[in-house]
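Colleague: I'd like to learn how to read a model like this one. Could you walk me through it?

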Amino acid sequence: MAFGSFSKQGTAAPTAEINMIPLIDVMLVLLVIFIITAPLLTNAVKVDLPRAASAPNLTKPDHIQISIDAQHQLYWNGERVVREGLRQRLAATSQLQPQPELHLRADKDTPYQAVAEVMADAARAGMTRIGFISDPHEAQ
C-alpha cells in the first residue's frame with residue numbers, strides 16, 4: 001500500500017498494488033453461500049430395489065491328455081493314435097466351446113522335435129490352451 005503525506009515536496013509516482021481486502025470479502029461471502037447451499041443439493045430419493053441372488057456359472061473345460069512315449073508313439077487319453085488321427089481329433093476338439101485344455105505328457109527320452117511337432121499340429125488346429133505335464137519327483 002502506498003502511504004503519502006499532504007506535502008507537495010517529494011511527490012512520487014503512484015504505486016500499482018492490488019487491494020486484497022475486497023477480494024477476500026467476496027471469497028468469504030461465496031464460501032458461506034456454498035456452505036449453506038451444499039446440503040440442499042444432496043436430496044436422496046429412497047428406492048426399494050429388488051434383490052437378485054445368483055451364483056457365477058463356473059464351467060471348467062475338460063482336458064485332453066496327449067502322451068508321447070520313448071518310441072514316438074502318440075496316445076489320446078490313453079488310446080494309441082497315429083499322427084493323422086491326432087490331427088483330425090485336434091481339429092474336431094478345437095471347435096468345442098469351451099475349448100478343452102490340452103495336457104501334453106512326454107517321456108524324458110523323447111526328443112524335443114516330437115513334442116514340437118505335436119504342439120505345431122495343435123496350434124494349426126486352433127488349440128489355444130496347451131500345458132505340459134511333468135513329474136518333478138522323477139528328476140534325479
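Predicted model: local features only at pLDDT ≥ 70, side-chain atom pairs only at ≥ 80, totals over all residues.

Colleague: Fine, fold first. How many helices and strands does the protein have, and in what order do the elements run from the N terminus?

Modeller: There are three helices and five strands. Starting at the N terminus, the order is α-β-β-β-α-β-α-β.

Colleague: And what should I look at for burial and surface?

Modeller: Start with the share of buried residues, where buried means under 20% relative accessible area. Here 18% of the 140 residues count as buried. The protein exposes about 11,900 Å², and carbon and sulfur atoms supply 60% of that area. For contacts, take residues at least 6 apart in sequence: 63% of those contacts join residues at least 24 apart.

Colleague: Which peptide bond is cis here?

Modeller: The one from Q97 to P98, with omega near -5°. P98 sits in the loop between α2 (83-93) and β4 (101-106).

Colleague: And where do I find the positive phi values?

Modeller: One is H72, with phi near 65°. H72 belongs to the loop between β1 (63-68) and β2 (74-76), and its relative accessible area of 45% makes H72 partly exposed. Another is N77, not a glycine either, with a phi of about 50°. N77 is in the loop between β2 and β3 (79-81) and is partly exposed too, at 47% relative accessibility.

Colleague: Now the charged pairs. How do I read a salt bridge?

Modeller: Look for a side-chain nitrogen of Lys or Arg within 4 Å of a carboxyl oxygen of Asp or Glu. By that rule the count comes to seven. Then ask which elements each pair connects. Take E79 and R89, whose closest N and O atoms are 3.0 Å apart. This pair links distant parts of the chain, since E79 is in strand β3 and R89 in helix α2, ten residues apart. Both ends are partly exposed: E79 at 43% relative accessibility, R89 at 27%.

Colleague: Which parts does the pair of E117 and R83 tie together?

Modeller: Their side chains meet in a salt bridge at 3.6 Å, N to O. E117 lies in helix α3 and R83 in helix α2, so the pair ties together parts that are 34 residues apart in sequence. E117 is partly exposed at 30% relative accessibility, and R83 is partly exposed, also at 30%.

Colleague: What about D121: buried or exposed?

Modeller: Buried, with a relative accessible area of 3%. D121 is in helix α3 (residues 112-125), and its side chain makes a polar contact with the side chain of R83 at 2.9 Å. Setting aside neighbours within four places in sequence, D121 is in contact with R83, R87 and L90.

Colleague: And which salt bridge partner does D121 have within its own helix?

Modeller: R124: the two side chains meet at 3.0 Å, N to O. D121 and R124 are three residues apart in helix α3, about one turn of the helix. Salt bridges that share partners join R83, E84, R87, E117, D121 and R124 into one network.

Key. Residues numbered from 1 in each chain as written. Heavy atoms only, no water. Helix = DSSP H or I, 4+ residues; strand = E, 2+ residues; numbered from the N terminus. Buried < 20%, exposed > 50% of the residue type's maximum accessible area, 1.4 Å probe, protein only. Contact = heavy atoms within 4.5 Å. Areas by Shrake-Rupley, 256 points an atom, 1.4 Å probe, with all protein chains shown as cover. Polar contact = N/O pair within 3.5 Å; in protein donor to acceptor, adjacent residues only side chain to side chain.
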